[in-house]
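Here is my note on the model, point by point. Please read it with the structure open.

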Amino acid sequence: MNNVVALRRSPKIDQPEHLSAIVVAGSGGAAATTTCFGLATALRLGADVQVAAIDGTTDGGNLLARVGVEPIDSARAVRQLGSRMAVSSAGAVVVGHGEATDSALVDSLLADRSLARIHDVGTALRARRVAPLIEAGAAIVVAVPPRAEPLARMRGAVDWLVRTYGRDVLSHTVVAISHQLPQSVVDLTPIRDALSPLVAGFVEVPFDASLARPGTVDHRRLSVESIDAWTDVLDAFGRIEAGHQDNDTADRVGTGELA
C-alpha cells in the first residue's frame with residue numbers, strides 16, 4: 001500500500017499502538033462508520049502503527065463492505081474472527097460485523113496483536129457489551145451531523161454518559177461534527193462554546209465528496225482537510241493519554257507519601 005496522501009503532520013499521541021476508542025453515533029446517519037475509518041486511516045498513515053477499524057454494531061454494520069479492499073494475509077488474521085477480516089486501502093485491518101459481537105473480547109484479541117483499536121458501535125452507546133470498554137477508559141468519539149435534531153440527540157447521549165459514568169467521562173470524550181453537505185445549515189458556535197470547556201475535544205470534519213459517494217472508500221481520494229480533522233481527534237486522544245499518565249503518577253506519589 002503506497003501512501004500518496006499529502007499529510008500535513010503526524011498525530012500528537014505518544015503510544016498510539018495502545019489506543020482503544022469507540023465511535024458512537026449521536027443519531028442515525030451520523031457518519032460513525034466513516035469516522036471510524038477516518039481515524040484508523042489517519043493513525044495508520046500519520047503514526048505508522050498497526051491499527052484496526054472494528055464494526056461493533058449488531059444491526060448489520062457495513063464497515064467491512066465499505067472500506068475493506070483486500071483479503072487479509074493469513075499471518076495477520078485472528079482465528080476467532082474468522083472470515084470477518086480484510087485490509088483497507090491504507091493498510092488498516094478491518095473487522096466486520098458479527099452476529100454476537102463482543103466488543104471487549106475483540107478489543108482484547110487485537111490488543112494482543114499490538115494493534116490500536118477503533119470501534120464503530122453505531123447508536124449502541126447504552127449496550128451492555130460496550131460498557132467494559134468505557135469502564136476501562138477507552139476514548140469516546142460522539143459523531144453527529146450539524147443538524148438540529150441530531151444535535152439534540154447528541155446532548156441526550158452526553159447526558160446519559162455523565163449520569164452513568166460520572167462527569168469525569170467527559171475528559172475522554174471527543175465530539176466530532178461530520179459535515180455531510182458543502183455548507184453548514186446550523187450555527188455551531190454556541191454548541192462549540194458550551195462543550196469545548198467540558199470535553200477532551202470538539203472537532204469539525206469538513207464535507208468530503210469522496211465519502212458521499214457509494215461504494216468502497218479509498219484513502220487516496222480523501223481530502224487533506226478530512227485527514228487533518230481526524231488527526232485533530234487523534235491529538236485529543238493524545239491529551240487523554242497524557243492525562244491518564246499524569247493521574248497514574250499522582251497516584252504513585254500519593255501512595256508513597258502515605259507509606
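1. Helices here are DSSP runs of H or I with at least four residues, numbered from the N terminus. By that count, serine 114 follows H3, and its phi is positive, near 60°. Keep in mind that this is a predicted model.

2. Which residues of H3 are buried? The helix spans residues 103–112, and the buried positions are Ser103, Val106, Asp107, Leu109 and Leu110. Viewed down the axis of H3, these fall within an arc of 165°, so they line one face of the helix. An α-helix has 3.6 residues a turn, so residues three or four places apart point the same way.

3. At the start of H3, aspartate 102 places a side-chain oxygen within 3.2 Å of the backbone nitrogen of alanine 104.

4. Aspartate 107 deserves a look. This residue of H3 is buried, at 9% relative accessible area. Leaving out residues up to four places away in sequence, aspartate 107 touches Ser20, Arg117, His119 and Leu133.

5. The largest nonpolar core has 41 residues. Leu39, Val174 and Phe237 have the most contacts inside it. Helix H8 (residues 224–258) gives the largest share of this core, eight residues. Apart from it lies another core, of 27 residues, with Val24, Ala127, Ala138 and Leu195 among them. In soluble globular proteins, nonpolar side chains tend to be buried together.

6. What does valine 174 touch? Beyond four places in sequence, the contacts of valine 174 include Ile140, Val141 and Val142. Ala200, Gly201 and Val203 are also among them. Val233, Ala236, Phe237 and Ile240 are touched as well.

7. Salt bridges number six. Arginine 9 pairs with aspartate 235, with the closest N and O atoms 2.6 Å apart. This pair links distant parts of the chain: arginine 9 sits in the segment before S1 and aspartate 235 in helix H8, 226 residues apart. Arginine 9 is partly exposed at 29% relative accessible area, whereas aspartate 235 is buried at 9%. Arg9, Asp232 and Asp235 are linked in a network of salt bridges.

8. Two other salt bridges are worth checking. Glutamate 149 pairs with arginine 153, with the closest N and O atoms 2.6 Å apart. Both lie in helix H5; being four residues apart, they are separated by about one helical turn. Arginine 153 is partly exposed, at 46% relative accessibility. Arginine 220 pairs with aspartate 218, and here the closest N and O atoms are 2.9 Å apart.

9. Tryptophan 160 is buried at 15% relative accessible area. Tyrosine 165 is partly exposed at 25%.

10. Last, aspartate 159. This residue lies in helix H5 (residues 148–165). Aspartate 159 is partly exposed, at 35% relative accessible area. Its C-alpha atom is separated by 9.9 Å from that of leucine 170, 11 residues apart along the chain.

Key
Residues are numbered from 1 along each chain as its sequence is written. This is a predicted model: local features need pLDDT of at least 70, side-chain atom pairs count only at pLDDT 80 or more; totals for chains, interfaces and linings use all residues. Side-chain values use heavy atoms; hydrogens and water are left out. Buried means under 20% relative accessible area, exposed over 50%, partly exposed in between (1.4 Å probe, protein chains only). Helices (H or I, at least four residues) and strands (E, at least two) are DSSP runs, numbered from the N terminus. The arc is that of the directions from the helix axis to the C-beta atoms. A polar contact is a pair of N or O atoms within 3.5 Å; within protein, one must be able to donate a hydrogen and the other to accept it, and residues adjacent in sequence count only if both atoms are side-chain atoms. A nonpolar core is a set of buried Ala, Val, Leu, Ile, Met, Phe, Trp, Tyr and Cys residues joined through side-chain atoms within 4.5 Å. Contact means heavy atoms within 4.5 Å. A salt bridge is a side-chain nitrogen of Lys or Arg within 4 Å of a carboxyl oxygen of Asp or Glu.
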